[in-house]
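Let's take a friendly walk through this model together. Keep the viewer open and follow along as the topics come up.

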Amino acid sequence: MSIAGHEKAPRDGSPLRLVTDVCIVGTGAGGAAAGRVLAAANAKVILLEEGRRWRPTQFVPKPSVAYRNLYQEGNTRVMSGKSYIPLPGGRGVGGSTLVNSGICFRAPERVRRRWQSFGLDWAAPGELDSIYDDIEKRLFVAPTAPDIARANNLIFKKGVEALGVKGDFISRNAPGCQGCGVCQFGCPTGGKASVDLTLLRDAEEDGADIYTGCRVERVLQEHGRCVGVEGTLLSPDDRSVGRFEVRAEKTVLAGSAVGTPMLLWQSGLCNRSGQVGRNLHVHPGTGTIAFFDQDIRLWSGVTQGYYVEMEDEGITIETFTSTPETYYALAGPTLAGNLAKMNRMASCGAMIADRTSGTVRPSGDGRANIEYSLIDEDRERLVQALRFVCKVYAAAGAAELYSGLIGERPVKTLEEALRPLTAGVPLHALNVYASHPMGTCRMGPDPDEAVVRPDGRTHDLPGLHVADGSLFPEALGVNPQITIMAVATWVARRIAKAG
Ligand SMILES: Cc1cc2nc3c(=O)[nH]c(=O)nc-3n(C[C@H](O)[C@H](O)[C@H](O)COP(=O)(O)OP(=O)(O)OC[C@H]3O[C@@H](n4cnc5c(N)ncnc54)[C@H](O)[C@@H]3O)c2cc1C
Ligand code: SF4
């Protein structure tokens, strides 16, 4: 059952007090998967979410509305360092799965092998396979169908094939997708099987309660053991309207690789290793556009439907589409004078498995202070990715190409587009964004090196577990949602088994 926390606040102003077997903080990919397993194991489960619950019909495909309602910090969250890099994250029942593109990749074998060598048993070959099978079945994961992929994806496919490179349609958890291209604003058709519509529904059917508008601010410990959490009750417009406390036998943090280390910092817990908030990894990304002599209408079709993996380089190229107003906001100066051609524009993004590492710390105002300075090696791989995308569009017959660099303009030939894309491109000339925060409470057997044990228990505090993207020891290299769900499932099964 979904319950608005503020509606349960006692009239006398005292805190809302709840008692349960398992309390899970966060309802995104990790929290939902953990809640589903634990509720099925007959535990009384309470999930706490600071955002609201949304129905598909409430989503408005406008950036301003979606950013305000569905994103952390109104989608103004940035990482600072040598440059400012946006780091979006979702907020609401479903977490980032509410606003993601539905891309589903299993962790590559080479990554799992490396992670196994870090002492992570679940990364052993075959270990997660049956969990992936189950999650993919429940989320209706299937390859993008060409008819809803439409021109923005198909023109890229044409270029990839002309170049003779291996590419494929992306598998997504969107069984009812109609190809409206606005996944980032919440799926208005309900066609995307985000976890609020799937894993959390299962958990609720098995008796779990989801309390919304509950911002957890502190993990509680007594006599050296975690006994639950406390925080602030929020009104639907995010005003503080009271307090709550949840007492639990077991507590699972799943507030994402930003929210979870923030909670541990604020609680002054679990940092004997000094690793809380360190080891932040993301997938830095960039992208570019091209103009064709035919209609593309990139706002019609699957948001991200076709990809190429450059495995040795740790680069993944994925088509990308959004609304015209989003493009104008992102690339206004580049598009100036080209607006009339927007219906002939194609667009593609690229992301890398970073080797840069950053930190998450609390700032004075309660928000996360995220420090991250992209190292030269990563910057150069982004340039390499842009060169590749330009070549694909040229091979597809683009009339005009664009290097993707700030200050450059669309040009007629591939040679002109590639000219500025040299290894020495300064960071400030690149349009960099980041996605998929990971690693800030990394797992590992050594309590001096890791925050969380390989089975999901924190090294320092009995009764406290973690089940989200913060567990990964380094960048995964592919879109992480189903791997986060799989690892959270693995962790939750161990909690259930321990009783
Ligand atoms: C725009 C966008 C597109 C993406 N596209 C894809 C994609 O196509 N495929 C893919 O695999 N991945 C994608 N991702 C990434 C993927 O969705 C995330 O990596 C994944 O959902 C992270 O899971 P998580 O459990 O770590 O955190 P989240 O899913 O982010 O969930 C964390 C939840 O915890 C809540 N929370 C945090 N702190 C607190 C607190 N103190 N109290 C109460 N609640 C709290 C948050 O509000 C949030 O709802 C995308 C992400 C974004 C932002
Ligand atoms: S493209 Fe449209 S219909 Fe398809 S999953 Fe995204 S928002 Fe939903």
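## Ligand 1 and its shell

Helices here are DSSP runs of H or I with at least four residues, numbered from the N terminus. A residue belongs near a ligand if its C-beta atom, placed from the backbone, lies within 6 Å of that ligand. Please keep in mind that this is a predicted model.

With those terms in hand, look at ligand 1: 42 residues surround it, and the closest are G26, G28, G95, G255 and G259. Which helix gives the most to the shell around ligand 1? That is helix 7, with 4 residues. Helix 7 spans 256–267, and it is one of several elements that each supply at least two residues of this shell. The others are helix 1 (29–40), strand 10 (214–222), strand 20 (433–438) and helix 11 (481–498). By residue class, the shell around ligand 1 holds 13 nonpolar, 24 polar and 5 charged residues.

## Ligand 2

Now turn to ligand 2, which is surrounded by 15 residues. The closest of them are C177, C180, C183, C187 and K192. Sorted by class, the shell around ligand 2 has 7 nonpolar, 7 polar and 1 charged residue.

## Two domains

The chain is divided into domain 1 (2–72 + 90–138 + 185–271 + 442–498) and domain 2 (143–172 + 281–356 + 375–431). Between the C-alpha centres of domain 1 and domain 2 there is a distance of 33 Å. Where the two touch, 10 residues of domain 1 are in contact with 16 residues of domain 2. On the domain 1 side of that contact, 6 residues are nonpolar, 3 are polar and 1 is charged.

## Nonpolar cores

The largest nonpolar core has 142 residues. Those with the most contacts inside this core are A34, V45, A346, V389 and A488. Helix 11 provides the largest share of the core, 10 residues. Why does this core lie between domain 1 and domain 2? Because both domains give residues to it.

Leaving aside residues up to four places away in sequence, V45 touches T20, D21, V22, I24, G35, L38, A39, A203 and A208. There is also a second, separate core of 11 residues, which includes A66, L70, C183 and F185.

Helix 3 covers residues 109–116, and its buried residues are V111, R112 and W115. These three cover an arc of only 100° around the axis, so they sit on the same side of helix 3. On the other side of helix 3, E109, R110 and R113 are exposed.

## Two positive phi angles

N75 is not a glycine, yet its phi is positive, near 65°. You will find N75 in the loop between helix 2 (63–70) and strand 4 (78–80). Is N75 buried or exposed? N75 has 21 C-beta neighbours inside 10 Å, and a residue needs 20 or more to be buried, so N75 counts as buried.

R297 is another residue other than glycine with a positive phi, in this case about 50°. R297 sits in the loop between strand 13 (281–291) and strand 14 (306–310). Because R297 has 18 C-beta neighbours inside 10 Å, it counts as partly exposed.

Notes. Residues numbered from 1 in each chain as written. Chains lettered and ligands numbered in written order. Predicted model: local features only at pLDDT ≥ 70, side-chain atom pairs only at ≥ 80, totals over all residues. Nonpolar A, V, L, I, M, F, W, Y, C, P; charged D, E, K, R; others polar. Buried ≥ 20, exposed ≤ 12 C-beta atoms within 10 Å, placed from the backbone. Domains from an automatic or database assignment. Contact = placed C-beta atoms within 7 Å. Core = buried A, V, L, I, M, F, W, Y, C linked by C-beta atoms within 7 Å. Arc of directions from axis to C-beta.
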